[in-house]
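Subject: Structure for your review

Dear colleague,

Please find below the structure I am handing over to you, together with its sequence. My findings follow directly after it.

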Amino acid sequence: MKVIDNFLPLEDFKKIEKLMTSDSFPYYFCNGVAKDVEEDIKMFYFTHFFYVKNAPTSDYYNLLVETLLSKLNIFALIRVKGNCYTRSDKKIKHNVHVDFPEKIKFKTKGLIYSINTCNGSTILDNGREIKSVANRALFFDPMKPHCSTNCTDQKARFNINVNYI
């Protein structure tokens with residue numbers, strides 16, 4: 001696990017922030033977070049897939065290549081998705097999970113890149129809570145149990161999750 005603040009140059013960070021927090025960026029509703037029970041009305045979020053199944057899936061993928069992905073030592077990209085967790089009056093801790101538990105049989109790397117500062121966080125398997133801070137990169141082992149939270153102090157928690165080798 002490694003945390004790097006001010007990961008991108010300010011100009012590159014601002015491009016991503018402007019994109020992902022605009023009112024025209026397409027997010028899609030997910031009825032459940034990390035295998036949370038779909039019947040629980042508190043467990044939902046919005047995503048935007050930039051890359052999945054060995055191919056770009058978004059018109060905005062090239063912006064990420066020029067900024068965020070170019071800073072990583074990537075042998076093979078597995079998935080890149082943007083997340084938008086809406087705020088609530090009480091912070092919600094989502095279910096503990098691992099990324100791709102049955103689909104990938106080899107060591108992968110993970111990055112959670114925070115787009116905004118809020119009281120939302122990622123909680124790792126050792127209990128360490130990594131706060132969402134704008135332009136912060138959290139490098140972690142996505143095959144170890146972890147979970148996310150939403151926030152209570154901003155309109156939403158925005159981040160990008162990258163899985164790669």
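Serine 58 counts as buried, at 13% relative accessibility. Please note that this value, like the others in this message, comes from a predicted model. Serine 58 sits in the loop between β4 (55-56) and α2. Its side chain makes a polar contact of 2.7 Å with the side chain of histidine 48, and the side chain of serine 58 also reaches the backbone nitrogen of tyrosine 60 at 3.0 Å. Not counting residues up to four places away in sequence, serine 58 touches His48, Phe49 and Phe50.

Histidine 48 leads on to the strands. The bridge partner of histidine 48 in β5 is glycine 82. Strand β3 (residues 45-52) pairs with β5 in the antiparallel sense, over six bridges. β5 also pairs with strand β11 (residues 156-164), again in the antiparallel sense, over nine bridges; here valine 80 has valine 162 of β11 as its bridge partner. Strand β5 (residues 77-86) is largely enclosed by the rest of the structure, because nine of its 10 residues are buried.

In soluble globular proteins, nonpolar side chains tend to be buried together. The largest nonpolar core of this model has 29 residues, and Tyr113, Ile160 and Val162 are those with the most contacts inside it. At least two residues of this core come from each of α1, β3, α2 (61-66), β5, β6 (109-114), β9 (137-140) and β11. β11 gives the most, with five residues. Another core, of five residues, lies apart from the largest one and includes Ile112, Leu124, Leu138 and Phe140. Leaving aside neighbours within four places in sequence, tyrosine 113 is in contact with several residues, among them Phe7, Leu8, Phe13, Ile16, Leu68, Phe158 and Ile160.

Which residues form one aromatic cluster? They are Phe25, Tyr27, Phe50, Tyr60 and Phe158. The structure as a whole holds 11 aromatic pairs. One of them, formed by tyrosine 27 and phenylalanine 158, is tilted, with 6.2 Å centre to centre and 45° between the planes. Tyrosine 27 lies in the loop between α1 (10-20) and β2 (28-30), whereas phenylalanine 158 belongs to strand β11, so this pair ties together parts that are 131 residues apart in sequence. Both partners are enclosed: tyrosine 27 is buried, with a relative accessible area of 18%, and phenylalanine 158 is buried as well, with a relative accessible area of 13%.

Finally, the cysteines. How many disulfides does a search of the whole structure find? The search finds zero. For cysteine 84, the closest cysteine sulfur is that of cysteine 151, and the 8.8 Å between the two sulfurs is too far for a bond. Cysteine 151 is in no disulfide either; the nearest cysteine sulfur to it, that of cysteine 118, is 4.3 Å away, whereas a disulfide requires the sulfur atoms to lie within 2.5 Å. Cysteine 84 is buried, with a relative accessible area of 9%, and cysteine 151 is buried too, with a relative accessible area of 0%.

Yours sincerely

Conventions
Residues are numbered from 1 along each chain as its sequence is written. This is a predicted model: local features need pLDDT of at least 70, side-chain atom pairs count only at pLDDT 80 or more; totals for chains, interfaces and linings use all residues. Side-chain values use heavy atoms; hydrogens and water are left out. Buried means under 20% relative accessible area, exposed over 50%, partly exposed in between (1.4 Å probe, protein chains only). Helices (H or I, at least four residues) and strands (E, at least two) are DSSP runs, numbered from the N terminus. Two strands pair if DSSP finds at least two bridges between them. Rings of Phe, Tyr and Trp (its six-membered ring) pair if their centres lie within 6.5 Å; planes under 30 degrees apart count as stacked, over 60 as edge-to-face and the rest as tilted. A nonpolar core is a set of buried Ala, Val, Leu, Ile, Met, Phe, Trp, Tyr and Cys residues joined through side-chain atoms within 4.5 Å. Contact means heavy atoms within 4.5 Å. A polar contact is a pair of N or O atoms within 3.5 Å; within protein, one must be able to donate a hydrogen and the other to accept it, and residues adjacent in sequence count only if both atoms are side-chain atoms.
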